[in-house]
Amino acid sequence: TESWYGHFSSFLAKKHYPDTKLDQLAKANLDEIIPYMYNLETGEVIVIPWRVQNVALLISLLVDVYESDPVNYKAYIDYANNMAEDLLRRQTEDGAYRNNKTHYTSVIYIAKSMLELALCEKNINEEVYQERYKKHYDSARRAVNDLEKLKERIEDDAIIKNW
């Protein structure tokens with residue numbers, strides 16, 4: 001994520017202070033670098049697939065890209081859904097998002113990214129997005145409930161053994 005953090009600022013600026021030339025450059029740069037790391041069409045993580053925080057932050061970025069121009073960038077909310085499917089596969093019964101057996105929910109607040117996606121989908125008045133909203137909101141809710149239950153004990157051996 002550290003290699004593309006700057007895109008958050010670019011697309012938030014596009015949303016609030018559009019500049020056609022700069023916006024086109026940011027979009028071209030994003031479209032050039034993302035395929036080296038992710039297959040947005042399938043949700044496959046190509047580089048460091050175990051690093052769940054990268055996937056979560058990509059979801060947040062894709063939501064920002066979509067929200068910067070919902071008419072022209074609608075595909076990006078679908079790409080965010082594809083990446084969310086990767087996170088959902090890593091969510092365990094207790095609600096935690098995991099890297100293998102490591103509880104990763106609070107690392108860069110992965111549930112926050114899932115919630116950002118859900119809230120964006122909630123505002124799209126189409127059935128498919130309403131269904132996705134419910135699934136993604138429930139995922140974030142379960143993760144937050146797990147964090148609330150565990151407090152600071154997310155690495156407690158007794159908890160991991162019970163997982």
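Some ground rules come before the structure. The model is predicted, so local features need pLDDT of at least 70 and side-chain atom pairs count only at pLDDT 80 or more, while totals for chains, interfaces and linings use all residues. Residues are numbered from 1 along each chain as its sequence is written, and side-chain values use heavy atoms, with hydrogens and water left out. Helices (H or I, at least four residues) and strands (E, at least two) are DSSP runs, numbered from the N terminus.

I begin with H3 and H4. Helix H3 covers residues 52–68, and its axis comes within 8 Å of the axis of H4, crossing at roughly 160°. Axes here are lines fitted to C-alpha atoms, for helices over the stretch in contact, and angles run from 0 to 180 degrees between N-to-C directions. H3 and H4 are therefore roughly antiparallel to each other. On that scale, under 35 degrees is roughly parallel, over 145 roughly antiparallel, 65 to 115 roughly perpendicular, and the rest oblique. H3 passes H4 in a left-handed crossing, meaning that the near helix is turned anticlockwise from the far one by less than a right angle; clockwise would be right-handed.

Which residues of H3 and H4 meet? From H3 they are Val52, Val55, Ala56, Leu58, Ile59, Leu62, Val63, Val65 and Tyr66, and from H4 they are Tyr76, Ile77, Tyr79, Ala80, Met83, Ala84, Asp86, Leu87 and Arg90. Contact means heavy atoms within 4.5 Å. By class, this contact of H3 with H4 has 16 nonpolar, no polar and two charged residues. For those classes, Ala, Val, Leu, Ile, Met, Phe, Trp, Tyr, Cys and Pro count as nonpolar, Asp, Glu, Lys and Arg as charged, and the others, Gly among them, as polar.

Next is H5. Helix H4 spans residues 75–90 and helix H5 residues 110–122; their axes come within 11 Å and cross at roughly 140°. H4 and H5 are therefore oblique to each other. The crossing of H4 past H5 is left-handed. On the H4 side the contact is made by Ile77, Ala80, Asn81, Ala84, Leu87 and Leu88, and on the H5 side by Ile110, Met114, Leu117, Cys120 and Glu121. These residues of H4 and H5 divide into nine nonpolar, one polar and one charged.

Helix H6 takes in residues 127–150 and packs with H4 at an angle of about 35°, the axes being 12 Å apart. H4 and H6 also make a left-handed crossing. Here Ile77, Asp78, Asn81, Ala84, Glu85 and Leu88 of H4 meet Tyr129, Arg132, Lys135, His136 and Ser139 of H6. The contact of H4 with H6 has four nonpolar, three polar and four charged residues.

Is Ala84 buried or exposed? Ala84 counts as buried, at 0% relative accessibility. Buried means under 20% relative accessible area, exposed over 50%, and partly exposed in between, with a 1.4 Å probe and protein chains only. Leaving aside neighbours within four places in sequence, Ala84 is in contact with Ile59, Met114, Leu117 and His136.

Now the aromatic rings. A pair of aromatic rings is described by the distance of the centres and the angle of the planes. Rings of Phe, Tyr and Trp (its six-membered ring) pair if their centres lie within 6.5 Å; planes under 30 degrees apart count as stacked, over 60 as edge-to-face and the rest as tilted. The whole structure holds four aromatic pairs. Tyr76 and Tyr79 are three residues apart in helix H4, which means about one helical turn between them. Both are buried. With Tyr73, Tyr76 and Tyr79 form one aromatic cluster.

Glu44 lies in strand S2, residues 44–45, and counts as partly exposed at 46% relative accessibility. Setting aside residues up to four places away in sequence, Glu44 touches Met37, Tyr38 and Asn39. Ile48 sits in the loop between S2 and H3. Ile48 has a positive phi of about 50° although it is not a glycine, and is partly exposed at 35% relative accessibility. Leu57, in helix H3, is buried, with a relative accessible area of 10%.
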